[in-house]
Amino acid sequence: MATKLKPVDVVTIGVGLTGTILAKELADTGLKVVGIERGRWRDTDPDFAMPGVHDELKYVRDKELMQDLSKETITFRNAMSDTALPMRQLGSFLPGEGVGGAAVHWGGLTWRFLPWDFETKSQTLARYGANQVSDECTMQDWGVTYKELEPHFNRFEYLYGVSGKAGNLQGKIIPGGNPFEGVRSQEYPNPPLKTAYSSAMFKQAVEKMGYKPFPVPTAANSRAYKNEYGATIQACVYCGYCQFFACEMGAKASPQTAVLPALMKSPNYELRTLCNVVKINLDSDKKRAVSVTYVDSRGREFEQPADLILLTSYVLNNTRLMLLSGIGKPYDPASNTGVVGRNYAYQTPSSVTCFFEDKNFNSFMGAGGLGVAIDEFNGDNFDHSGLGFIGGGFIQAGSNGARPIEIRPVPQGTPRWGGEWKKAVSKYFNRNFSITIQGACQSYRGNYLDLDPTYRDAYGLPLLRMTFDRRENETKMSVWLTNKAAEIAKAIGPSKMNVNPRTGKYTIVPYQSTHNTGGTVMGADPATSVVNKYLQSWDVHNLFVVGAGNFPQNGGYNPTGTVGALTYQALEAIKTKYLKKPGALV
Amino acid sequence: MATKLKPVDVVTVGVGLTGTILAKELADTGLKVVGIERGRWRDTDPDFAMPGAHDELKYVIHKELMQDLSKETITFRNAMNETALPMRQLGSFLPGEGVGGAAVHWGGLTWRFLPWDFETKSRTLARYGAKQVAEECTLQDWGVTYDELEPHFNRFEYLYGVSGKAGNLQGKIIPGGNPFEGSRSKEYPNPPLKTAYSSTLFKQAVEKMGYKPFPVPTAANSRAYKNEYGATINACVYCGYCQFFACEMGAKASPQTAVLPVLMKNPNFELRTLCNVVKINLDSEKKRAVSVTYVDSRGREFEQPADLVLLTSYVFNNVRLMLLSGIGKPYDPAANSGVVGRNYAYQTNGNVTAFFEDKVFNQFMGAGALSMMIDDLDGDNFDHTGLGFIGGGWIGAASSGARPIDFHPVPPGTPRWGGEWKKAMARYYNRAFGITTHGACQSYRGNYFDLDPTYRDAYGLPLLRMTFDFRQNEYKMSDYITKKAAEIAKAAGASRMNVNPRTGKYSIVPYQSTHNTGGAIMGADPTTSAVNRFLQSWDVHNVFAIGASAFPQNGGYNPTGTVGALTFHALEAIKTKYLKQPGPLA
Amino acid sequence: MDKSSGRRRFLKSAAALGAAIPAGAAAQSKPAPAPHADHDKQHAQHMRAAATAARPYMFLSQTEVAFLDAAVSHLIPKDELGPGAKEAGVTYFIDQQLFGGYGTMAKKYTQGPWPEGTPQQGYQSPLTPAEVYRAGIRDTNEYCRKTHGKTFDALSRAQQDEVLKGLDAGKIELEQVRSQFFFNMLLNNTIQGFFADPVYGGNRDKAGWKLVGFPGVAAVYTTFIEKHGVPYRAQPVSIADITQKVAQVDEHGHAIHVMLDDKAGV
Amino acid sequence: MSESRSRRNFLKSAAALGAAVPAGVAAQSKPAPHADHDKQHAQHMRAAAASARPYMFLSQAEVAFLDAAVSHLIPKDELGPGAKEAGVTYFIDQQLFGGYGTMAKKYTQGPWPEGTPQQGYQSPLTPAAVYRAGIRDTNEYCKKTYSKTFDALTRAQQDEVLKGLDGGKIELEQVRSQFFFNMLLNNTVEGFFADPVYGGNRDKAGWKLVGFPGVAAVYTPFIEKHNVPYKAQPVSIADITGKVAQVDEHGHPIHVMLDDNGHPLSSRAQRGTS
């Protein structure tokens, strides 16, 4: 019933941050590349034009830029003993839909994971021994080191025009930067953004406490910047509509601003929107992918043959398509065998909100990633002996733009409605800021992704089932980190504080972060990973799976910078190794 | 997982025209009756209150009062060699949803089927021989005669306060009434409605031509009327918002106006709204229904035990629930065996639009059934010898309220849009009226219901699949009577006409009529009927399936009057026979 | 995106701005300081002006508004008989419909698969009406750029007519939706918006009802139904006229129609 | 329906009519003296603006319920208008008529067991249906307990009922009381703070309350003016599409800055701010 199309060299499933870079680079080598995107075409002009783009209800409450759950969602449960039920509306995390993917509405924070993050397991065992982590913990090394990835981090930061300040330039610690970061070969392409009032107060306080504050690296460009593809990213104007929104200025780096202007001009590239891939088809002995099947906006089914298939959609969809297509052995938590769906992890964010009587922060101004942070309590930058947990996170005072439907904190004890509530909101909307912690999250045997036995998507295919909860390691870490943040808050001197460590069961309802990781993890051992160090499927050599799904566990940073580096890691392997000699690279 | 509730005596599945009457009468005998309705509570006040009730877009285009297809729909195909696809939006027919069912938005025409209609098969064979009908035709007698039903027709007409003029009173032909109707024991409870201009022109024309015009019998009451339950139905004010709408005046008889005011006061009756029955549960040897399972508005599943289960929902749902519950052998068209789903039939409507240059009709005025009609060409009221078809239909000039979103009388050759179309609309909207030919539809081996293999409802259950098309008999019949209608239009002085007999394949898209029949048909023979002459399931004696689903084929009339008669027919059997001695009645 | 295109975008938006106010508002809301004399007229004017200006678009982009304003002005043109679809606010009506349950296929069956099916099987698209418009307008504008170097709204009346006929007849192939599927939806919604109660934002000033002589919310017709052949000339009444007490009602809430003489003045 | 019944019907409707005009209009459209004509013009515009927006989903009874309920959730007080005055009832009407109310782009297939709190929304009802059922059930409860519908209760009784729903102490028949209450509360807050294009936040009451300027200007020159309140006339999307507000080359509004008494600064001072 599917119409067979004429073969092409490369298909990318998903046209977001990773898919656009890979398509651009491979099309430039002369290969015919087709990008297949389930959502619609979107561009700064006219889709993100003023004034409609400053509409909090449409973009934050109604999630205009995000996944259409009426077509496909996931089911969720905290533990294997629960029954998973569908996520009927978005909340905890916000996958994108449409050209550019989640990189259209992302916050812009662009970090490099610490060298330690890539070797969590071996370094933890070496420093603390096996007792530091629970038996159920399935943390592992990535099979690739920071050193190997450094040039790729660099490449991505220069492509997206990241604004920041180096803290470790070729081994030399630079004042004002992050002294804990891995050695970098180059300074950031753009200087840091301006400093908001809350950041300034945070900076003063932490310096007094002996910490080393630095501006958060972000892809909200501090000045107009032309990248290697000749695309110009504009200067941020601090409008405060950044995360959850598309940037009307073209100042937040994204596929639309950094890559597509050049990619869409390439005669070797074809984009197909409103086309949803439902299956990757394999040859008889299941060693090679021969084509993908997709359904277009008229409900027609097509089969697109290709030599190289790049799975470049969101974490959840990457895992689901592998399960639906029978690629790789599905993970079985009971026997802890199998790989696809393994090591699903998330993030453990928490916060301390500071209220003031006499200070005004104009909280509505800001930019994604506008903030000052400290990294003393991230990764293994501090001694975990006796703390009963591993990992950590960065602590920052961020000014990402507060809008009153979503962000209107009131001091603890204020009623949820009525006159008192109204007074508090009126008083504190511009007289508060939050110190936030981006906590890491380890992987565990019981946290995984598989196919749901009951619920199906609009195409009649089983939904992806998420079984996840945080463990003692994360709770302890969050409480400990949040107390550190509270100390900082005290030093700043607010009149009141709300201290919110991440405790209790993980819930899918309130927004936390779109930092889902794992399910298609990378590694050196096919028995515990889905893809090798080049993000190539162990089982199907002409399939590369790219994204945060490759993270064996999640670090204390936003994932995008590392996803960008992995993209170039895979790209280099494809260009220099695979295309010359197709086959297993490891 | 379903919570088991404490047993009751009677459950009605659906709380519409049939369910309310049965519930009222059985509750009066002291039985505990529970009415389970998938839709919500609705009443004249406040749900049908002015001015919101006169909203054509909401009620006609957006079908406010009708079935929610996102929860459940049917799939459709013209023939067994096609793939059935879901009816994604309502069109051809409009099942109701909510208390009162389709009897809230019905047109009000309240006919008695002809004596001939109940014996279509035997009388056709007797008069014309077997050759008159196609081999594939599965027409059959009802197992009940007009004479047996006459008292029940009467009862229903007096309950709903039908306005009309008798044409055959105890065998005596009355001028001004319908001389072809079966002998009636009593005059209608209310006099006919007023006469619209189009009706007058029609009347003059047909009288000249020797036909016998009469005012249509309708449940739009011509004066305020108090029925046997003490409920008052108000006088129609000819507002023209009738069919597709609820009556703000309470002048169109319906469960809300005629039965519920009393029923809701009865301590023996309990109504459960927003509760959808998904299964009738049988005992081990499948001879007796023990309970029904339903899902409530919180998604909770309940099992309601009952001694008597009355299937009183719409045709489709009666049949689907029998199929889903394994009551009766599903019909197999290949073998022409089995009974549930058998003999699905519809209505074969044609029409003639008559245009005038010098006359204004104010067609926006009217009532659901305000019209003059002739019955000369209905049933077997005329000699079919050599015509190549059986059956016929009424012909009438209806003024049921013409609203401009829905009603665009433009002469043949007018473009579909643009200035010409606009001019034609401006000129003829008020200078045209339609003459309807309301044709019968016979049953055929290849027209039937079964469960769809692919599509499911929101509850995960298979949708009902409709396989249906008209046959030569219907096309010839429609062509014949529509030509007669055209002659009438000419005689009435139309300057131009659109003549539209029913031709081509049956389409689910344009509205035709909510006169679906069959699927759970009545009869004297268990091998060709699902219910016996008392509408009792042959297989499960405490299940009665009531509605147009019992019609073995469809006559040339609107079905409601006959459905009402069958309701009282079943009621009598239950009260006088079944309750005394539960078990098969035939 | 570079500065120049930033500026391009600005110019475009500016050009489209007019369109982003429901049709007519621009014309009507000129704060022409009128003489104190005819104050009532002015009041009425204010009300009308604000009425339209107060209804911002909730779904359509400025580009889409420009497209629809142009398209519906062909489907039901303005002429000597009176306002057309554009003047009657049909574009705004469509915006509201697409923002609403109609546009999102509320209460309709949306599960796949979606093979094209037969005409008898009706709507079989994975797209909701809102998505059909989004895709159809974009594709049509793409087609216009390719063939005429301009978007649809910038073409000459003649060219626009030609394009619409091409869609109507299925001669123009669109990429993401079947052209006739899109066109028929547009035509149906246009007619609906021209004749629907003004509460939905179309049929402005009851232009559609006045065109055909439809009185809207009904009065009690018992005394008139048998006045055969006599035109019923009344000021049409909208649901809003009643809820806002602009129109009088009888004891059951039916409108008391204001009858007009032959010159159709009161 | 009996004559007496229908007369009741009529009286009810009549009583509810006021409610069917978005809050404020009735008050605003009083005829004013010829004298201050500009004020009057503005008044007309406001009046018409409101009255030009008829309800598309809610019945008059439901409007009466919501007007009463939201006036407790965000009351009118010395700080300014409350939710009712800000048109939140009309906002909710529009939302329920729209994709939000019909669960567009959300997963709606069953089954729908209650699930755990961590699993979120698990109802077979759309938000529109939740309101329809929740309002009816709450009114039924009020009739039983106080023999009046909610809107006819005293402020104190209304408060009691809302707290009962909030605390889950009142059991509703068709929806969980807290499920309904939380939806109502969330939508009320949304309607109070959403861009006025959606019919709520009338006169930007919500934005003025907290000091939020709405559509953002270019803040580059201001972001480092620490601890200086940014006092600007809030700008709505409609102000820009309706050309009431000026915009810069990229379409950002040029905010009109206010002095401490909330009056526009002189044009020189305006320039000074950016």
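**Entry 1: backbone angles**

I looked up A:Q170 and found that it counts as exposed because its relative accessibility is 61%, above the 50% cut-off. I kept in mind that the model is a predicted one. A:Q170 sits in the loop that runs between strand 6 (168-169) and strand 7 (172-173) of chain A. Its phi is positive, about 45°, although A:Q170 is not a glycine. I noted this value because most residues other than glycine have a negative phi.

I then turned to C:N203, for which phi is also positive, about 45°, and which is not a glycine. C:N203 belongs to the loop between helix 8 (179-195) and helix 9 (207-212) of chain C. Is C:N203 buried or exposed? I recorded C:N203 as buried, because its relative accessibility of 0% is under 20%.

**Entry 2: cis peptide bonds**

In chain A, the bond from A:D45 to A:P46 is cis, and its omega is near 10°. A:P46 is part of helix 2 (residues 44-47) of chain A. I placed D:P111 in the loop between helix 5 and helix 6 (127-146) of chain D.

**Entry 3: a buried serine**

I located A:S199 in helix 6 (residues 197-208) of chain A. A:S199 counts as buried, because 1% relative accessibility is under the 20% cut-off. Leaving aside residues up to four places away in sequence, I found A:S199 touching A:G371, A:V372 and A:A397.

**Entry 4: chain D against chain A**

I examined how chain D meets chain A. The contact draws 73 residues from chain D and 68 residues from chain A. Together the two chains bury about 5,700 Å², of which 62% is on carbon and sulfur atoms. Which residues of chain D lose the most area to chain A? They are D:Y107, D:Q118 and D:I223, together giving 14% of what that side buries.

I counted five salt bridges across this interface. In one salt bridge, the side chains of A:R61 and D:E190 meet at 2.5 Å, N to O. I also noted 35 residue pairs in polar contact between chain D and chain A, both residues at pLDDT 80 or more. Several helices of chain D each supply at least two residues to the side touching chain A, including helix 4 (60-73) and helix 7 (155-166). Helix 8 of chain D gives the most, with eight residues. By class, I listed 40 nonpolar, 23 polar and ten charged residues on the chain D side.

**Entry 5: two domains of chain B**

I finished with chain B, which is divided into domain 1 and domain 2. The centres of these domains, taken over C-alpha atoms, are 31 Å apart. Their contact takes 25 residues from domain 1 and 23 residues from domain 2. I recorded about 1,900 Å² buried between the two domains, 56% of it on carbon and sulfur atoms. B:H54, B:E56 and B:Y557 supply 29% of the area that domain 1 buries against domain 2, more than any other three residues.

How many salt bridges are there between domain 1 and domain 2 of chain B? The count is zero. I did find ten residue pairs in polar contact between these domains, both residues at pLDDT 80 or more. Helix 3 (residues 56-61) of chain B provides five residues, the largest share of the domain 1 side that touches domain 2. I divided the residues of that side into 14 nonpolar, nine polar and two charged.

Definitions and conventions. Residues are numbered from 1 along each chain as its sequence is written. Chains are lettered from A and ligands numbered from 1 in the order in which they are written. This is a predicted model: local features need pLDDT of at least 70, side-chain atom pairs count only at pLDDT 80 or more; totals for chains, interfaces and linings use all residues. Side-chain values use heavy atoms; hydrogens and water are left out. Domain bounds come from an automatic or database domain assignment. Contact means heavy atoms within 4.5 Å. Buried area is the accessible area (1.4 Å probe) that two parts lose on being put together, summed over both. A salt bridge is a side-chain nitrogen of Lys or Arg within 4 Å of a carboxyl oxygen of Asp or Glu. A polar contact is a pair of N or O atoms within 3.5 Å; within protein, one must be able to donate a hydrogen and the other to accept it, and residues adjacent in sequence count only if both atoms are side-chain atoms. Helices (H or I, at least four residues) and strands (E, at least two) are DSSP runs, numbered from the N terminus. Ala, Val, Leu, Ile, Met, Phe, Trp, Tyr, Cys and Pro count as nonpolar, Asp, Glu, Lys and Arg as charged, and the others, Gly among them, as polar. Buried means under 20% relative accessible area, exposed over 50%, partly exposed in between (1.4 Å probe, protein chains only).
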